[in-house]
Amino acid sequence: MSGYVDLHCHWLPGIDDGVPSEAEGLELLRALGAAGFELVVATPHMRPGMFDNDRASIEASFGAMAPRVAAAPDLPAVGLAAEHFFDATIFERMLEGRALPYPGGYGVLVELSPERPPLRLADRFFDLRRKRLRPVLAHPERYAFVADDPRWLDPLLDGGTLLLLDVAALVGKYGRRAERTAHRLLEGGYYYAACSDSHRPADVDAVVRGIERLRRDAGDDEASFLLSEGPRHVLAGTVDV
């Protein structure tokens, strides 16, 4: 398999808890390229009170990094979006067109509080669908309420939400509970795409091992869909679910 597309990565420097320097951002991209990714989308956190990024500041960071990326050899192509922490402020930005969806504008990456989901989340995600934004839920395997009962996700899936596997969870990067939940969701067919969610070059080792585990457990065809075809459908707006 080749031609992976990473829909979740923190390679923009100094803007959140991702890489601290331009050099490390380039190193991370190079490592992901060597692992088989041909497109890596930067998804800095947009989380008021913790990472006070907005669309303008994220786009400025990407623009400042773009010449370095273009001048460096052997790097994957890059794109830009944001990882949106789903609270009232960010929900308002989404409805008003001030969020930062994936390239193409069809999908938007969302993360939740790990312990407690927002009230009426399915209704709010439906409101996003009415705005022609398809929610892509980051790392559902890490949420305590999903680990307790994966069926919690069913109403979201029924409404068209897509689930994004952090592939390193399959090899225990985030602990045994997240690992067990990731395998349970994978076996249940919950995921539509897989990503690296890398924050440092050193993270790529777990990503590579996670891809190998994904291939072994799910088979080459399913792994290819999750790492390549599914992400491309998200970007192109051709998701058929």
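This report describes selected local features of a predicted model.

## Basis of the model

In this predicted model, local features need pLDDT of at least 70 and side-chain atom pairs count only at pLDDT 80 or more, while totals for chains, interfaces and linings use all residues. Residues are numbered from 1 along each chain as its sequence is written, and side-chain values use heavy atoms, with hydrogens and water left out.

## Cysteines

The search of the whole structure returns 0 disulfides, a disulfide being a pair of cysteine sulfur atoms within 2.5 Å. C9 takes part in none, and its nearest cysteine sulfur, that of C195, is 8.9 Å away. Seen from C195, the sulfur of C9 is the closest and is too far for a bond.

C9 is buried, at a relative accessible area of 1%; here buried means under 20% relative accessible area, exposed over 50%, and partly exposed in between (1.4 Å probe, protein chains only). C195 also counts as buried, with 1% relative accessibility.

## Nonpolar cores

A nonpolar core is a set of buried Ala, Val, Leu, Ile, Met, Phe, Trp, Tyr and Cys residues joined through side-chain atoms within 4.5 Å. The largest one has 60 residues, of which W11, F37, F86 and L214 touch the most other members. A second, separate core holds 17 residues, including L7, V41, L109 and C195.

Contact means heavy atoms within 4.5 Å. With neighbours within four places in sequence set aside, L214 is in contact with L165, V167, L170, L186, G219, A223, L226 and L227.

## E111 and H84

E111 belongs to strand β6 (residues 107-111), and H84 to strand β5 (residues 83-85). Helices (H or I, at least four residues) and strands (E, at least two) are DSSP runs, numbered from the N terminus. E111 is buried yet has no salt bridge, since R47, the nearest side chain of opposite charge, is 4.6 Å away, and a salt bridge is a side-chain nitrogen of Lys or Arg within 4 Å of a carboxyl oxygen of Asp or Glu. For charge, Lys and Arg count as positive and Asp and Glu as negative, with His and the chain ends not counted. The side chain of E111 does make a polar contact with that of H45, at 3.1 Å. A polar contact is a pair of N or O atoms within 3.5 Å; within protein, one must be able to donate a hydrogen and the other to accept it, and residues adjacent in sequence count only if both atoms are side-chain atoms.

H84 is buried, at 0% relative accessibility. Its side chain reaches the backbone nitrogen of L100 at 3.0 Å, and a polar atom of the H84 side chain lies 2.9 Å from the backbone oxygen of L109. Beyond four places in sequence, the contacts of H84 include M46, I90, M94 and E111.

## Loop residues

D74 sits in the loop between α2 (55-71) and β4 (77-80) and counts as exposed, at 69% relative accessibility. H139 is placed in the loop between β7 (134-138) and α5 (144-148) and counts as buried, at 6%.

Y102 occupies the loop between α3 (88-95) and β6 and is buried, with a relative accessible area of 2%. Beyond four places in sequence, residues in contact with Y102 include L7, V41 and L109.
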